[in-house]
Amino acid sequence: LRSGLRHGCHRASCVPHEAGSVSMLQANKARLVTSFHLRTLEIRKKEIDYFCSVYDQMCSISTYLAGFAATTLTIDITEEQKKEKPLLVFLFLLCTATAFGAHLLVVVIATMCSMWGPGKALRGDDSTSVDYAIFVLEETQAKTLRYFIAGCLCYFVSSILVVWLIFDYRGALVITIGMGLCIMWLFTKSFVIFQQLVSKQVISGRVKGNRVRNVGELMGDVDLSAEEGVSASFATRI
């Protein structure tokens, strides 16, 4: 009887120890998944910061150019100029208004993306919100860059056309040649820099594949699939 009581007490003392070991393993697994998830989000945050800096630069330059275009629209065109050079006046107003509208559009798009893009990634339900926010920022950046380039071209053409409205033939020709050379040099250098610094194959910070499912298979638990991504509540199920 005495040996039986000792054997029963020994088994009862092992139960808390085994339960504590299981809890520690569960905590270690939760910490592993959470740490990996946070590290992935840190990499994606760098992408968001990059896109926000690009939008900030385009917004700053477009603000100045939109202001210059708006000032150019206030130039007084006489009735004599309208009668003598109607086509030139029409092209000047068209290019100036297009430049102003394109740069104003860049400012609005860049401002909205800089405000709401990080907010979508920060306040979303899970990691898919971060991926979606970066996808929208990347797609919108390509379109915004086209508007920016179109606005710059229209602004340069408008600057040349206004010269032909104000100055005589000889002065307008000299200024046009000088501005044309500067514009050609500017776009040539921009193209060279673009070719050297912009990668043809863009590498995303998104971790492709189901990394958590592989961990679940290694643990021998097929329920840890996480096929819809990893959420903050994932650690409570392991």
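Predicted model: local features only at pLDDT ≥ 70, side-chain atom pairs only at ≥ 80, totals over all residues.
How many salt bridges does the count come to in this structure? The count comes to one.

**Stop 1: the salt bridge**

Select Lys45 and Asp49 and display their side chains, which meet in the salt bridge with an N to O distance of 3.1 Å. Both residues belong to helix 1, where they stand four residues apart, about one turn of the helix. Colour Asp49 by accessibility: its relative accessible area is 40%, so it is classed as partly exposed, between the limits of 20% and 50%.

**Stop 2: the largest nonpolar core**

Next, select Ile48, Tyr55, Met58 and Leu137. These are the residues with the most contacts inside the largest nonpolar core, a set of 24 residues. Three elements each supply at least two residues of this core: helix 1 (2-73), helix 3 (86-123) and helix 4 (127-166). Of the contributions, that of helix 1 is the greatest, at nine residues.

Centre the view on Leu137 and show what surrounds it. Leaving aside residues up to four places away in sequence, Leu137 touches Ile48, Phe51, Tyr55, Cys113 and Gly117.

Apart from this core lies another one, made up of ten residues; to locate it, select Phe92, Cys95, Val163 and Leu165, which are among them.

**Stop 3**

Now select Cys52 and Cys113 and show their sulfur atoms. A search of the whole structure finds zero disulfides.

Are these two cysteines buried or exposed? Cys52 is buried, at a relative accessible area of 16%, and Cys113 is buried as well, at 12%. Both values fall under the 20% limit for buried residues.

**Stop 4: a nonpolar patch on the surface**

Finally, switch to a surface display and select Leu145, Ile149, Leu153, Trp185, Leu186 and Phe187. Together these residues form a nonpolar surface patch with about 530 Å² of accessible area. Helix 4 and helix 5 (169-197) are the elements that give two or more residues to the patch. At 40% relative accessibility, Ile149 counts as partly exposed.

Conventions:
Residues numbered from 1 in each chain as written. Heavy atoms only, no water. Core = buried A, V, L, I, M, F, W, Y, C linked by side-chain atoms within 4.5 Å. Buried < 20%, exposed > 50% of the residue type's maximum accessible area, 1.4 Å probe, protein only. Contact = heavy atoms within 4.5 Å. Disulfide = S-S within 2.5 Å. Salt bridge = Lys/Arg side-chain N within 4 Å of Asp/Glu carboxyl O. Patch = residues over 30% accessible without salt bridge, like charges linked within 9 Å, V, L, I, M, F, W, Y side chains within 5 Å. Areas by Shrake-Rupley, 256 points an atom, 1.4 Å probe, with all protein chains shown as cover.
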